[in-house]
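Here is a friendly briefing for anyone meeting this structure for the first time. Take a look at the sequence and the model, then read on.

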Amino acid sequence: MSRHVSNDLKRRARELASREGIPYSAALARLRSTRTAPDGPTDTPADKPSRFLLPEYLYVDFPPIDLGSARPCDECGGSGLDAEGRTFAQPSDGGRPPLLVEVVCSKCEGCGRAEHLDDGCGHPHTDPDMDDGLYDEDEEAPCYSCAGREFNYLQAVVSDEEGEPVEAIYLRVPCGCTADRMRVVLGDLIEVAG
């Protein structure tokens, strides 16, 4: 279901997302569900969920991509994430809130760069064949699951209301090695699907 978003609401959502370090979609949802934006951060530690009426999601902050001298992808602006800010909820175990995962940019495949070398550009992509030279074979990786990048890409399919597949996407799923950085963000995320 699509909902119109005014330019003013988009601007306020970007400001809130930047101020609190939360995804754009979470900020947009929070502004839609409250008349005024909260004065300060409303996130709580992942092991102590709040009891507010708004749904809660576990979220991991990742540093912005260091593009160096590379030209940013014209679709995502160098973020490596979907330009629309789409997010999905992945169920968690142990009574914890669902994990909020972000959709990866389909044009740059996650690296944030406009150009890619034929033999890989040396930055994480959804396509592992493009990651040539990213990891030193002789060095032991800091994490066996993600090889130190702190997330993994998971392919998913978006379906319409009738359950028919309409789009293949990749999600940037935080690795378990980031568990100590997870926090709870609030928001009635219209765009989130389970």
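- Glu150 sits in the loop between β4 and β5, and its phi is positive, at about 80 degrees, although Glu150 is not a glycine.
- Glu109 is found in the loop between β4 and β5 too, and its phi is near 60 degrees, again a positive value in a residue other than glycine.
- With a relative accessible area of 24%, Glu109 is partly exposed.
- Cys111 belongs to the loop between β4 and β5, and with a relative accessible area of 2% it is buried.
- Between the C-alpha atoms of Cys111 and His123 there are 5.8 Å, while the two residues are 12 residues apart along the chain.

**How to read the model**

- This is a predicted model, in which local features need pLDDT of at least 70 and side-chain atom pairs count only at pLDDT 80 or more, while totals for chains, interfaces and linings use all residues.
- Residues are numbered from 1 along each chain as its sequence is written, and side-chain values use heavy atoms, with hydrogens and water left out.

**The chain as a whole**

- The chain has 2 helices and 7 strands; these are DSSP runs, numbered from the N terminus, with helices being H or I of at least four residues and strands E of at least two.
- Along the sequence, the pattern reads α-α-β-β-β-β-β-β-β.
- Of the 194 residues in the chain, 40% are buried.
- Taking contacts between residues at least 6 apart in sequence, 58% join residues at least 24 apart, where contact means heavy atoms within 4.5 Å.
- The chain has an accessible surface of about 11,600 Å², and carbon and sulfur atoms account for 49% of it; the areas come from the Shrake-Rupley method with a 1.4 Å probe, and for residues only the protein chains shown count as cover.
- Arg183 lies in strand β7 and counts as buried, at 11% relative accessibility.

**Nonpolar cores**

- In soluble globular proteins, nonpolar side chains tend to be buried together.
- A nonpolar core here is a set of buried Ala, Val, Leu, Ile, Met, Phe, Trp, Tyr and Cys residues joined through side-chain atoms within 4.5 Å.
- The largest nonpolar core has 18 residues, and Phe88, Leu99, Val101, Ile169 and Leu171 have the most contacts inside it.
- Two or more residues of this core come from each of β4, β5 (151-159), β6 and β7 (183-186), and β5 gives the most, with 4 residues.
- Apart from this core lies another, of 14 residues, among them Leu16, Ala27, Leu31 and Val185.
- Leaving aside neighbours within four places in sequence, Ile169 touches residues including Arg86, Phe88, Val103 and Leu154.

**The largest pocket**

- The largest pocket has a volume of about 990 Å³.
- On a 1 Å grid over the protein atoms alone, a pocket is an open set of points with protein on both sides within 12 Å along at least five of seven lines, a cavity is a set where a 1.4 Å probe fits but cannot get out, and lining residues have an atom within 4 Å of a point.
- Grid points are joined across faces, edges and corners, and a volume is the space filled by probe spheres set on the points.
- Of the 42 residues lining the largest pocket, Phe62, Pro64, Ser79, Leu81 and Arg172 are the closest to its centre.
- α1 gives the most to this lining, with 3 residues.

**The largest cavity**

- The count is 1 cavity of 30 Å³ or more, and the largest cavity has a volume of about 30 Å³.
- Its lining is made up of Tyr59, Val60, Phe62, Leu100, Val101, Glu102, Arg172 and Pro174.
- β4 gives the most to the lining of the largest cavity, with 3 residues.

Terms used
Buried < 20%, exposed > 50% of the residue type's maximum accessible area, 1.4 Å probe, protein only.
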